[in-house]
Structure formats: C-alpha cells, structure tokens
Amino acid sequence: MDWTVRSAETADIEVIVELRAVVMRPDLERLGRFDPHRVRQRFRDAFRAEHTSVIESGGAFAGCVALRPAADGLWLEHFFLDPRLQGRGLGSAVLGSLLERADAEGATVRLNVLQGSAARRLYERHGFAVETEDPIDVFMVRAARVASRSCSFSN
C-alpha cells in the first residue's frame, strides 16, 4: 500500500477529530466511557501541529499520528487510521518508519492504548511491552533498538 506522511496543519483538526471518534468508539463503548463530545474535545485540546503528522494513502487522508518529545523519550499519540484501511499493513508500515527514526535518535518510545484494544497487538509486534496498566489504559514502552547520534525529531 502506498502512503506518505506530511506535517499536520490547524486545518486538519476537524477531519482528525471525526476519525478519532469513529476509531475509538467501539473500545470506549465497551469500557462504558464513550461520550461523543468528550472524544472530540480531548483531541482538540491536545492537538499540537508541530508533533502531528497526517497519513495519506493514494493521495487521500488515511489517518494521523503524533510523536511528542518528553523528558523520558518520545510519546506516540493519536495514531488513528481510517477503519477501511486497517488490517492491510498501513499501520505497521507507518509505525515501523516512526520507530526507525526513534531508534536513530536512541529514543525510548511510550504510548498508552485502551484495555482490550486490537491496536495493542500491533504495538506488541513492534516490540512494545506493558509498563503499567489500570482498568482503562495499558501503558507500553519500547526502548531504542540502536543508540545513535542525537538529532532533532521532526515531521
């Protein structure tokens, strides 16, 4: 599957907000936590264009992902793919590319995923392990595979 990544812009917020609501709804409903307003507003409040990338496939919007710098490495956040494109290798390809960049920096990558989410299997296949968990979230970590020179992480 062909794909590209570009830097997100403020104009991308609403299409990402709607994708987030669609993608997260089944897991949030299963956990008894779905609120149609809250699922959208949480992304609007957390959106930082400088750390977010838009994923395109076949020239069309396919999803998004964010890598946010933190004191303890990088946080992988807001990784959402159009459900019609899930299960076709796109998520694995995008994640693999991001992890190669993190490895080149020697950066540990952390994330959280909802309990019971199918996305957890993707993260485990890419070397993430459970660090902690609570009734709602599973916090995972992946140490850098190759320590290398330090450079700035950009989209």
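Residues are numbered from 1 along each chain as its sequence is written, and side-chain values rest on heavy atoms, with hydrogens and water left out. Because the model is predicted, local features need pLDDT of at least 70 and side-chain atom pairs count only at pLDDT 80 or more, whereas totals for chains, interfaces and linings use all residues.

The description starts with the sheet. Helices (H or I, at least four residues) and strands (E, at least two) are DSSP runs, numbered from the N terminus, and two strands are taken to pair if DSSP finds at least two bridges between them. Seven strands form an open sheet of mixed pairing, in the order E1-E2-E3-E4-E5-E7-E6. Strands E1 and E6 (129-133) stand at the edges with a single partner strand each, so one side of each has no neighbour in the sheet. From one strand to the next, the twist averages 30°; axes here are lines fitted to C-alpha atoms, for helices over the stretch in contact, and angles run from 0 to 180 degrees between N-to-C directions.

Strand E2 (residues 52-57) can be followed through its two neighbours. Strands of a sheet pair through backbone hydrogen bonds, either parallel or antiparallel. Strand E1 (residues 4-7) runs antiparallel to E2 and is joined to it by four bridges. Within this pairing, Val5 has Ile55 of E2 as its bridge partner, and Ser7 stands opposite Ser53. E2 also pairs with strand E3 (residues 60-70) in the antiparallel sense, over six bridges, and here Ser53 has Val65 of E3 as its partner. The hairpin of E2 and E3 has two residues between the strands, and Gly58 takes a positive phi near 60° there. Burial is judged by relative accessible area: buried means under 20%, exposed over 50%, and partly exposed in between (1.4 Å probe, protein chains only). Five of the six residues of E2 are buried, so this strand is largely enclosed by the rest of the structure.

The aromatic rings come next. Rings of Phe, Tyr and Trp (its six-membered ring) pair if their centres lie within 6.5 Å; planes under 30 degrees apart count as stacked, over 60 as edge-to-face and the rest as tilted. By this rule there are two aromatic pairs. Phe43 and Phe47 form a tilted pair, with 5.5 Å from centre to centre and 50° between the planes. Phe43 is buried, at a relative accessible area of 0%, and Phe47 is buried at 9%. The ring centres of Tyr123 and Phe128 are 5.8 Å apart with planes at 70°, so this pair is edge-to-face. Tyr123 is buried at 7%, and Phe128 is buried at 4%.

The last topic is the largest pocket. On a 1 Å grid over the protein atoms alone, a pocket is an open set of points with protein on both sides within 12 Å along at least five of seven lines, and lining residues have an atom within 4 Å of a point. The largest pocket is lined by 43 residues, of which Met24, Phe79, Phe80, Val113 and Ser117 lie nearest its centre. The elements that give two or more residues to this lining are helices H1 (13-30), H2 (36-46), H3 (90-105) and H4 (119-125), and strands E4 (73-81) and E5 (109-114).

Definitions and conventions
1 Å grid on protein atoms, 1.4 Å probe; cavity = no way out; pocket = protein on both sides within 12 Å on 5 of 7 lines; lining within 4 Å.
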